[in-house]
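Dear colleague,

Here is the structure for you to look over. My notes on it follow below.

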Amino acid sequence: MTLAVELENASKSFGSVQALRNVSIKVDAGEVVAFLGPNGAGKTTAISIMLGLRSPSSGGARIFGQNPREPKNRARIGVMLQESGVPGLLKVRELIQLFTQFYNAPLMVSKVLEMANLTEKKDAIASALSGGQKQRLYFALAICGNPDVLFLDEPSVALDVESRRAFWQEISGFAKTGKTVILTTHYLEEADALANRIIVINKGEIVAQGSPAQIKSRVGGKNVSFKLEAGNAVMLENLQGVQRFSKTGESINLYTLEPEKVLQEVFARGLQISNLNVAGAGLEEAFMEITEQGASK
Amino acid sequence: MTNVDTANLPTRAYDPFKGLGFQLYCELIRLLRNPGFLIPTVLFPIMFFTLFGLPNAKEDIGNGVTVGAYLLASYGTYGMLSTALFGFGTGIAAERGLGWNRLTRATPMHPIMYFSAKIITAMLSGLITLAALFIFGVLVANISLPLETWALLTARIMLGMMPFVALGLFIGYLGNPQSATPITQLIFLPMSFASGIFLPIKNLPQFVQDLAPYLPAYHSGQLAWHTLGAGDNSSLNSHIIWNLGFTVLFLALAVWAYKRDEAKQYG
């Protein structure tokens, strides 16, 4: 197995803010790895260090064993960053052709246009594209060099649900050719759809990592809330599978990885509830869960 | 999972200038697609010359040099310096503001290639400005100089542009991208004035005349005026040395600012 990308005890601080704390990651060639975490978790900092855009305050980063700060060591990577903007007055195909020039064995521009679903827009001035089209252009720029490793920083953040699914297919298509993909996201759904390994990062630290199934079982919980006559709250004691529980007056709030089982139990106990609401918990909540688990170990 | 066999990949020598041709092509078509930048840039020096040089173009200012020829050298220098600062320097700042530079800094593109393409483009658009001004001078003001002098004048004005290319790069990477244009104006307009580029230096107040030899634009101007035989009492070589000195100084500052920038993001 070839080691594609590596972070070794990487830390980065900006003034008094510690964005990344002693993070070590190894990504093998052919893996699709998602960095999952809320905004400000340190995902972009981690990816910036892997790309050589920033120097770590301590520790190191390597791409195929080389220092990414040197332009020549970036010959085998393709990159899609957040909010890149495009220089004005250049057409879509011109920008793609410009980027292919940086690489040794690029793809044909027509092939790239096809892969990014931009053939119809090839003669449009890039800066006039819509948000979704621009995102596809950045994807085209990222893959046009036929890179071995593709970095995607929050790739679908600007997309609506439909374009997001189409975009996932494009990424999966690329990953299926045996390429390494490293992406950051704050959507569990996105990490689940694309990655075969998820690294959960929060406050600059890795808090969990594993297969999507493993991560989902830890962060895919639901918030269940309902109203219950104040006197009956006692009957909720010893409910199995509830991670967190809170009660304000008549309002009950609980967090669980198995909402169906919990509710079955609630009904089995003959409780009259009203205003039932089951909602996917935000990642923030899931991280609280993971961090608490970590702390109690 | 698929193995990527690193051992069997062809190991090509890395060429830092790879892509220069196409980058240059892109810069030039952008220039042509943006007449709103090119036309005013070309017309500005011609306008100055028409206002201040044309009325008394034939007047002799000594040593056989006419007002027309002298001001043609002045405004030619002005056009070149402003292209270096406003075309090159603030252009880079704008792309930096867009986040485009951050993206290219994550590719194998070498920054030296990017800057080379930008510098060559600035020089070419500067040359277009200069050619338009010179043709205007010959056709409208009947200024005649030996062919050799025209060539030497062009070459020396381009030499005088070098510290400003470096200064443009420095300002382009200094502070936030939106501030590049106002900073450039704040530096360039008073400096051009105090260096005798707008009005002959002997018409300026004494303290400005004393200050002038410490300004880079003064030496750029002197390179041009010396070519006509209308320079100051210092030697041509001393101005070349000042020029190189300023180029090295600004380049060092530019490299410092570039490294400090470290691919920051701007909202």
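Which residue in S13(A) stands opposite A:Ser225? A:Asn277 does. Strand S13 (residues 273–280) of chain A is joined to S10(A) by six bridges, and the two run antiparallel. S10(A) covers residues 222–228 and pairs with strand S12 (residues 251–256) of chain A as well, again in the antiparallel sense and over six bridges. There, A:Lys222 stands opposite A:Thr256 in S12(A). Pairing here means that DSSP finds at least two bridges between two strands. Helices (H or I, at least four residues) and strands (E, at least two) are DSSP runs, numbered from the N terminus.

Before going on, note that this is a predicted model, in which local features need pLDDT of at least 70 and side-chain atom pairs count only at pLDDT 80 or more, while totals for chains, interfaces and linings use all residues. Residues are numbered from 1 along each chain as its sequence is written, and chains are lettered from A and ligands numbered from 1 in the order in which they are written.

Two loop residues of chain A

A:Leu89 is not a glycine, yet it has a positive phi of about 70°. A:Leu89 sits in the loop between strand S5 (77–80) and helix H2 (92–100) of chain A. It counts as partly exposed because it has 18 C-beta neighbours inside 10 Å. The cut-offs, with C-beta atoms placed from the backbone, are 20 or more others within 10 Å for buried, 12 or fewer for exposed, and partly exposed in between.

A:Asn238, also not a glycine, has a positive phi of about 60°. The loop that holds A:Asn238 runs between S10 and strand S11 (242–248) of chain A. With 7 other C-beta atoms within 10 Å, A:Asn238 is exposed.

Chain B

Chain B has 10 helices and zero strands. Its C-alpha atoms fill a box of roughly 80 × 35 × 35 Å along the principal axes. The chain has 267 residues, of which 43% count as buried. Of the contacts in chain B with a separation of 6 or more, 80% are between residues 24 or more positions apart; a contact requires C-beta atoms, placed from the backbone, within 7 Å.

Helix H5 (residues 111–141) of chain B has 31 residues and reaches 43 Å from its first C-alpha to its last. That is close to the expected 45 Å, the expectation being 1.5 Å times one less than the number of residues. B:Asn142 follows H5(B) and has a positive phi, near 50°.

The axes of H3(B) and helix H9 (residues 216–228) of chain B come within 9 Å and cross at roughly 145°. Axes are lines fitted to C-alpha atoms, for helices over the stretch in contact, with angles from 0 to 180 degrees between N-to-C directions. Residues that meet here include B:Ala69, B:Tyr70 and B:Leu81 in H3(B), and B:Ala217, B:Trp225 and B:Leu228 in H9(B). By class, the contact has eight nonpolar, five polar and no charged residues. Ala, Val, Leu, Ile, Met, Phe, Trp, Tyr, Cys and Pro count as nonpolar, Asp, Glu, Lys and Arg as charged, and the others, Gly among them, as polar.

Where the chains touch

The contact takes 34 residues from chain A and 29 residues from chain B. On the chain B side, helix H1 (20–32), helix H3 (67–98) and helix H4 (100–104) each give two or more residues. H1(B) has the largest share, four residues. That side has 12 nonpolar, nine polar and eight charged residues.

Regards

Methods
Two residues are in contact if their C-beta atoms, placed from the backbone, lie within 7 Å.
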